[in-house]
There are 2 protein chains.
Amino acid sequence: MLDTSSPHVRAVLPLLYVAWADGVLVPSEADTIRRQIRAQDWIDASTREEICGHLDPQSPPTPTQYFRWIRALKEGAAQTSVTTRCSLAELGVSIAAGGSDGAALPEPSRRALEDIEAALNIDGEEVLSDLLGERPEPEPPAVEAPFEVDALTALLDGTHADLRERVRTLLQDPVFAYRPDLDTPAYREQVLHWCERLAEQGLGGLGYPEEHGGDGDMGKFITVFETLAYHDLSLVIKFGVQFGLFGGSIHRLGTENHHEAYLEPAASLELPGCFAMTEWGHGSNVRELETTARYDPAAEEFVINTPHDEARKEWIGNAAAHGRMATVFAQLHTDGEEHGVHAFLVPIRTEDGTPMPRVRIEDCGEKMGLNGVDNGRLWFDKVRIPRENLLDRYGRVAPDGSYDSPIPSPGKRFFTMLSTLVGGRISVARAGLSAAKSGLTIAVRYGNRRRQFGPKDEPEVPLLDYRTHKRRLLPRLATTYALHFALDDLTTRFAATGRDASLDTIEAEANALKAYATWHTTDTLQEAREACGGQGYRADNRIGRLKADTDVFTTFEGDNTVLMLQVAKGLLSDFRREFRDMNLLGMARFVADGMATRVTELN
Amino acid sequence: MLDTSSPHVRAVLPLLYVAWADGVLVPSEADTIRRQIRAQDWIDASTREEICGHLDPQSPPTPTQYFRWIRALKEGAAQTSVTTRCSLAELGVSIAAGGSDGAALPEPSRRALEDIEAALNIDGEEVLSDLLGERPEPEPPAVEAPFEVDALTALLDGTHADLRERVRTLLQDPVFAYRPDLDTPAYREQVLHWCERLAEQGLGGLGYPEEHGGDGDMGKFITVFETLAYHDLSLVIKFGVQFGLFGGSIHRLGTENHHEAYLEPAASLELPGCFAMTEWGHGSNVRELETTARYDPAAEEFVINTPHDEARKEWIGNAAAHGRMATVFAQLHTDGEEHGVHAFLVPIRTEDGTPMPRVRIEDCGEKMGLNGVDNGRLWFDKVRIPRENLLDRYGRVAPDGSYDSPIPSPGKRFFTMLSTLVGGRISVARAGLSAAKSGLTIAVRYGNRRRQFGPKDEPEVPLLDYRTHKRRLLPRLATTYALHFALDDLTTRFAATGRDASLDTIEAEANALKAYATWHTTDTLQEAREACGGQGYRADNRIGRLKADTDVFTTFEGDNTVLMLQVAKGLLSDFRREFRDMNLLGMARFVADGMATRVTELN
Ligand SMILES: Cc1cc2nc3c(=O)[nH]c(=O)nc-3n(C[C@H](O)[C@H](O)[C@H](O)COP(=O)(O)OP(=O)(O)OC[C@H]3O[C@@H](n4cnc5c(N)ncnc54)[C@H](O)[C@@H]3O)c2cc1C
Ligand SMILES: Cc1cc2nc3c(=O)[nH]c(=O)nc-3n(C[C@H](O)[C@H](O)[C@H](O)COP(=O)(O)OP(=O)(O)OC[C@H]3O[C@@H](n4cnc5c(N)ncnc54)[C@H](O)[C@@H]3O)c2cc1C
């Protein structure tokens, strides 16, 4: 049994400890140390041999012996001032000096020990932090922010800070409390009920003209949308379908009579409505959707028809349960001519909620998320609607069936109609960003409190002190700030654009930012989930829900890949026009081919 | 009104059509064309002026006029042999020749038209595919595989093809039918019931020694695990907790008496059990968990205790509802010494399912996924268990309390104990990959059938024909194949390693591949979801469920980031040993610092 109170033994104890620390002492290593130990004539001969006896790969120390060594090292170290920055040689020398007989070691001993240590290529710091001290209680994290919180808040809240604050206050009302236990039918009713409360507050019609009870300010509407997205994502999407897509299509594609008749009922939710563009067969390629609207001059009516099953309307929000009217996109036929996609107001349910005759409705069923929104399918079996139900800002049909439009080319007309959806795209990008912010807040806060691993003589380390953890969260936080300001700026410019001005550049930016921001959301929420470890997987941590609800943001309001192809194509066409350079033409062709002729548009 | 039957008009009609196609004719463009038209003396003078009249940016054609031009172009083109590869000039010349009077145009006209076309920098192909033909019905996609399907299947099924086939057949039994409508309690019972059916088939104990009713083949066990993961992920995790973690800990950390007493009841599910390692306060940093096991030599018992709330066992699979025993990891104290983390068998429920005295159990509640697994929390209030319940392969306590171990260093002992979990890590990587394969199958099949956009005279294009779509799915498919074979190879080597052989290199590979494969799963399922567009968001499309269930695979059985840091650290230490080079040392420090001292281990 090694006498751990002997200064000579104590001097080499750190090396003995390390030699056995990974359990297996390789013969060549053992030889090296033994050779060196035997050369230390300041250690008396018998002790030298005893030490060498403990360096035999064939007879490791027992756990109890090993435990005693550790205890001797710890106790010895506690009486000295060694830190984790010291070498093992220093530790040995120090605890030898502090040993029972107090005798200091001869001067050359330290250098000799250092040589052994170097020969063994040991990371002394790691070993020492294993040995030294007990872990004290963690300090509470500092709470003082190193910047002016109010100033940053004001900057982030932006132009419509008051409105934001109003929405936040509203959402704190117990009426808006989460009810995680609701099944899908009850959740849908809950979300409808919430939308009604928001409508009562006049928040639905903010984007509509003042003469129809609105505020004429899309900036305000988008602010509300973005703020609601910190709460429940089904709520924000239902809100968007009713007031943004349904009401917005009437506002942007209709004319005075439609505004007069429908904007106020839409804003008050007296008339719940849908935006029925997508078909089963055509999602991104809206231009080729197959629902028809044939004009019958004898009756002065349009006949809305679903020619076959692939032409059924698919995924239509508000259709499965609550919608009573739908803006239906269909190919207009009149006077023997085909004029492309136009929008028509089609009643789909009576006031008591039964489907209208010749309208068939089906529920799209459970989704990965957003189950508070009732998405449905619609079939029209030669449904007749009055001529006035054509939303006729970009195309009119006279009673005799003759067609007129301020835009002669059907292509240009189509794109102009769809550019009215830019507001929706900006809204979705901002709502996605709100969810990313929620997820980041959860993960960053957790990372600042959760401690895991750490040096022995210090509290465990908050996750955010690890470089990897910082790099997982902080660049995403920075991008989130950047996107916030980019989208805020875009919103401001969009809101300032008159109803008749061209949206061309704003549209291209909205397409690119919608795709970029929603992909950023998906990526950020994934990282936030993982950064919370197991706790990120709890349902009540919210990240799972945020992930599932926003997953479709990359698909709807314009599929991201298709949007990005469009943006790229636009940029390359611009180049082509500017330079007329064959190489650039080649590049443009490459992208254009990738889309097989042309990606028309998407909703 | 332009006479679209005149050959001269017809010759320039394609140019007129294009000039107005994007709705706005810029004055400078209009000037260019007018100048060129006026120079064409083969067109009679009045027609020239009439054409120029239709090139006035101030008075666009009416939609009806424009529609007539289009009809004339389409009808004209139909009588000729122009294709989308022709220029607009060729189209003009051809339809002029096919016009009412049949007169061919003079030779220079084509070159003149080509000059105008070039000056306008038009993409003729795009314009022509807009104009030409109707879209025919799509051809059904080819079904013949261009490789030997049976040979590839055999290669993928590998060594245990028969066993795989047996599991697949079993899963087709109506007993295993999905029941998407189940609530959490019913789903948990369903999954337990499924595990019992698998146990009846002898599939639970495949990895245990033959003398205890097993097959002694971890390769077989992992094959079953991987194959089950094509079905239900909660099933595979519950299966893994019971037979892999609970039973496996008895097999790998226990000795003969434990094997005799517990392996058969574990394999038959007569004794449902848990693997209780993680605590609320310590997940990745298992080495510092705080549950204690103090030996009481008077009673020859261990006292298992949860000293405070952060030391409660957290996330323990099978704990919330079904487990009757748990392998509990705790700090062993005996004979006045602390010997680090050891595993103890602790009964937690009676046969009738009530918690044992002094054991408190709580449900972890709803999770983002895997809700068929009952994860729970455990508190032990000085629970006494017999001395024999220490799983004592790597550490024994004699009746008098003295401790002994084949591995003297607590660090090495700890890592050796945990290396017995390598099988679980390989299993989880393979199960994740199964889910990625399911998702890819869904997305690739859909991409091969779903058509969207396309040239006018051809069927819409299957998504997989688009370069972007290919690039989204096929590299991931290739990586999936690569990972399949890498993991298969690793499994074979792992299964061939004796119980007493060192797992060092296999462990490092398992850590790296576990992290890489499960991140690949997360990424692949995300892309698969998006590649299916809206249909990817349907609950019954399965991708949502696969995503939610596998999301935690990057966290449990070793958090991926921590595993990767460990792998990197291991590699750098190897380098350091080999080269003793300061620069490499610097690199090693960098990574090591990033982990603040050392990442010990993780479960
Ligand atoms: C929850 C939900 C709510 C919705 N609400 C509504 C609503 O209220 N009203 C409404 O009208 N619609 C709604 N939609 C429909 C939505 O707008 C469409 O799903 C979307 O436009 C995409 O169309 P798609 O699903 O047919 O996908 P597709 O267009 O078939 O695209 C499938 C995949 O193919 C890729 N792809 C497509 N074309 C190309 C190309 N040319 N090149 C390369 N890749 C290509 C896409 O990137 C995508 O990954 C909703 C959808 C969902 C899921
Ligand atoms: C559904 C589910 C089932 C489970 N089943 C079981 C079970 O049956 N038995 C059982 O014992 N356990 C089980 N677990 C627990 C699981 O093993 C742990 O969640 C896992 O080990 C991670 O620990 P943690 O959650 O405490 O995360 P933490 O260790 O706190 O990690 C949180 C985050 O910090 C990062 N991090 C941690 N340390 C470092 C570092 N040094 N450097 C840089 N980054 C770091 C991680 O990457 C992670 O992103 C289960 C967990 C879940 C969610």
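Predicted model: local features only at pLDDT ≥ 70, side-chain atom pairs only at ≥ 80, totals over all residues.

Q: Fine. Where does ligand 2 lie?
A: Ligand 2 sits between chains A and B.

Q: Which helices and strands supply at least two residues each of its shell?
A: From chain A, helix 16 (467–496) and helix 17 (504–531). From chain B, strand 4 (313–317) and helix 19 (560–579).

Q: How many residues surround ligand 2, and which are the closest?
A: There are 32 around ligand 2. The closest are Arg450(A), Gly534(A), Thr278(B), Ser284(B) and Asp559(B).

Q: How do they divide into nonpolar, polar and charged?
A: The shell has 14 nonpolar, 13 polar and five charged residues.

Q: What does Arg450(A) do there?
A: A polar side-chain atom of Arg450(A) is 2.7 Å from an oxygen atom of ligand 2.

Q: And the backbone of Phe275(B)?
A: A backbone N or O atom of Phe275(B) lies 2.8 Å from a nitrogen atom of the ligand. The protein covers 98% of the 970 Å² of accessible area that ligand 2 has on its own.

Q: New topic. What is the strand order in the open sheet of chain A?
A: The order is 4-8-7, three strands with antiparallel pairing.

Q: Why is one side of strand 4 left without a neighbour?
A: Strand 4 (313–317) of chain A is at an edge with a single partner strand, so one side has no neighbour in the sheet. Strand 7 (359–363) of chain A is at an edge too.

Q: How many bridges join strands 4 and 8 of chain A?
A: Three, in the antiparallel sense. In strand 8, Leu378(A) is the bridge partner of Lys313(A).

Technical notes:
Residues numbered from 1 in each chain as written. Chains lettered and ligands numbered in written order. Heavy atoms only, no water. Pairing = 2+ DSSP bridges. Helix = DSSP H or I, 4+ residues; strand = E, 2+ residues; numbered from the N terminus. Near = heavy atom within 4 Å. Polar contact = N/O pair within 3.5 Å; in protein donor to acceptor, adjacent residues only side chain to side chain. Areas by Shrake-Rupley, 256 points an atom, 1.4 Å probe, with all protein chains shown as cover. Nonpolar A, V, L, I, M, F, W, Y, C, P; charged D, E, K, R; others polar.
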